[in-house]
Amino acid sequence: MSKYNIQVFTGDYLGSGTSNRIYINLIGKIGSSGQHWIKTLTGLWAGSEQLISVHCKSDIGDLLLVELEAKPVALGLIDDDWFCSKIIVTTPEGVSKLFPCYCWMSSNKRLSLREAVAKLGTKDTAPELLAHRQDNLKRRRQDFRWGIYAEGLPHIVNAESPTELPPVVRFSFTKEKEFLFTLGAAFKELKLGTEFNNKDRWNNIGELSSLLSEKKKTTTTKYVEKNWMRDDFFGYQFLNGLNPTMIKRCSELPENFPVTNDMVKSSLPEKSTLEMEIEKGNIFLCDYKRLNGLQGNEIDERKQYLSAPLCLLFSTPENKLMPIAIQLDQKPGARNPIFLPSDNEKDWLLAKIFVRGAEFNEHELNFHLLRTHLLGEVFTMAVLRNLPSCHPLFKLLVPHVRYNLQINIMARNLLVSPDGVFSQYTAIGNKPMTEFLKRAASSLTYSSLCLPDNIRERGVEKIPNYYYRDDGLDLWNIISSFVHGVLSFYYNDEDVQKDKELQAWIDEIVENCFQEKSKTGFPQSFVTVEELSKFVTMVIFTVSAQHAAVNNGQFDFGAWMPNFPSSLQCPPPTRKGDTTDDTILKTLPDVSTTLNIMAVVYLLSRESSDRYPLGYFPEALFREDIPLDLIAKFQEDLRVLDKKIEKRNKKLDLPYTYLSPKNVDNSIAI
Ligand code: FE2
């Protein structure tokens, strides 16, 4: 008779324990133990570790699978789901084998677990394990089906409510409870009063200052309130604000932006010219052409206005980035003046406000929603449908897909639905929003998602004080070295080419992301470990670092409404000299829009207690020494980067903290 010692671990989420009867069956190469009831004196409580022994009358051979089955007590009247985290089996020979589970189990369901050692399909030989692999994918493909969001946009999970998702990808009870996605809750927390329906305009800018209690203001919201009108802070935000990847080096002025040297010479050093500064690489451009021609929304029967500005910036010898010319419409002409810092102060301020309004749309819809949330959803779906749990890439990527499906369903229902926040409180509204997203989706390229390529393509390698770029490249390199290490342990180039599951994964990503696949530069298949490593680095970077960079500062930079207006109530000015304080107040969003957007950016910037920062692998999925050593090195590299950023930030008036690894979540969960 051979004895197997078994440790049964129950998850520590609230409600993880069970009163159901749990049975275990050890399946070996030549036989099985038969079902044994996991009898415990203390029960399978949340966070518990239970020890049991299973005696087999005859040799079962190499242990391949552990099968669990739950049966209800009390004649099936009470079903009590169990969250099993892992099982560790010590064989009669004294070998300890880890079987990760990490999923919920309801009664009359069977779960079959295989050992943690990762395996490529081509290297699996036992028929039982090959069948297990196929069954795993078959179930997931039934659970996660593709759906269409809108034609021309990346595909989504086919579920209209989070309750339609399998429990394994849903929010934990803790997060569900904390995450009261209601504006009412945010209004209460921020003590914003009862004016959420007040359609009046603001009487003066000072009124905005008292909206937030001192307690709720952050270092950055205070800084923004004080400095929002300054040109150097306006320029700073293109580098280190909410949307740090839109600015490009201007090597030639666009034909539709006829800025002359005479217009901008007062902004340039003496004896220099615009041509000379363009040549030197000191002139930059932000072009909001994707917004061109879109009709503004109506809020409470009041017309709202969008503009599609062009903004020229100069990187000064004092290392500041200063706006030097703004044109608010794409078509040049007499009724579309080029505004300059030398203009009347109010004209210039209003022009900058229109740029910030355009920035709201580009940031929230393109750089936040599309380029992180929606792309993350495609990566998630492709992982779940194509990579079995024993696949090394599944183990590597599963921490990075956590909660992405649920948060996106909630965003589709509450933020960008026909009666959602965007329809009610932004100038772009619902229909133009979809058109804008389609335009943005057609600009999605592989290189724009790979930070080192993106920096090169935009020509911003040398621009000073670009902390997003510096911290982002450090993070990219740390992720890349970790990913390359792990993948090189499992793959050589030939393995990559032969791995059908891997090739199906990239195939589904490309198929569900793009209309015109060939033009995006995305790999259509993988040939080398290098190519694969770069792609996986991009996936992890996008859903962790890039999302943190564009998500976490929404309240910091957006709470002060004039810095991030979601809607503008007057058309862009068509001549100079007319703007007054009153024009600016009439143009800015009304009280209701201001308060509601403040509540939204507050909700979207909140930190969950249920978060895992980058580098954490809360589930013990790897068993081999090399991946475990690489995880430890990854965590150490991230700690060192945290310290480096902290040291740099001590010297800054406004610390840049969004890419400090400790502030970067593993996945898109908010
Ligand atoms: Fe987000």
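**Exercise 1. Describe the largest nonpolar core and the surroundings of F238.**

Step 1. The largest nonpolar core of this predicted model has 172 residues. A nonpolar core is a set of buried Ala, Val, Leu, Ile, Met, Phe, Trp, Tyr and Cys residues joined through side-chain atoms within 4.5 Å. Buried means under 20% relative accessible area, exposed over 50%, and partly exposed in between (1.4 Å probe, protein chains only).

Step 2. The residues with the most contacts inside this core are F238, I247, W505, F535, V536 and M538. Its largest share, 21 residues, comes from helix 9. Helices (H or I, at least four residues) and strands (E, at least two) are DSSP runs numbered from the N terminus.

Step 3. Beyond its neighbours within four places in sequence, F238 has contacts (heavy atoms within 4.5 Å) that include I247, C286, Y288, L313 and V355.

Local features need pLDDT of at least 70, side-chain atom pairs count only at pLDDT 80 or more, and totals for chains, interfaces and linings use all residues. Residues are numbered from 1 along each chain as its sequence is written, and side-chain values use heavy atoms, with hydrogens and water left out.

**Exercise 2. Which protein atoms are donors of the iron ion, and where do H373 and N551 sit?**

Step 1. Donors are N, O and S atoms within 2.8 Å of the metal (3.2 Å for Na, K and Ca); water is not among the atoms, so sites may look incomplete.

Step 2. The iron ion has H368 (NE2), H373 (NE2), H547 (NE2), N551 (OD1) and I670 (O) as protein donors, at 2.2 to 2.4 Å. H373 belongs to helix 9 (residues 345–386) and N551 to helix 19 (residues 529–551), so that the pair, 178 residues apart, links distant parts of the chain.

Step 3. H373 counts as buried because its relative accessibility is 6%. N551 is buried as well, at 1%.

**Exercise 3. Characterise the contact between domain 1 and domain 2.**

Step 1. Domain 1 covers 2–116, and domain 2 covers 143–460 + 547–622 + 666–670; the bounds come from an automatic or database domain assignment.

Step 2. Their C-alpha centres are 48 Å apart. The contact takes 10 residues from domain 1 and 12 residues from domain 2.

Step 3. About 930 Å² is buried between them, 65% of it from carbon and sulfur atoms. Buried area is the accessible area (1.4 Å probe) that two parts lose on being put together, summed over both. In domain 1, Y13, L14 and Y102 lose the most area to domain 2, together 50% of what that side buries.
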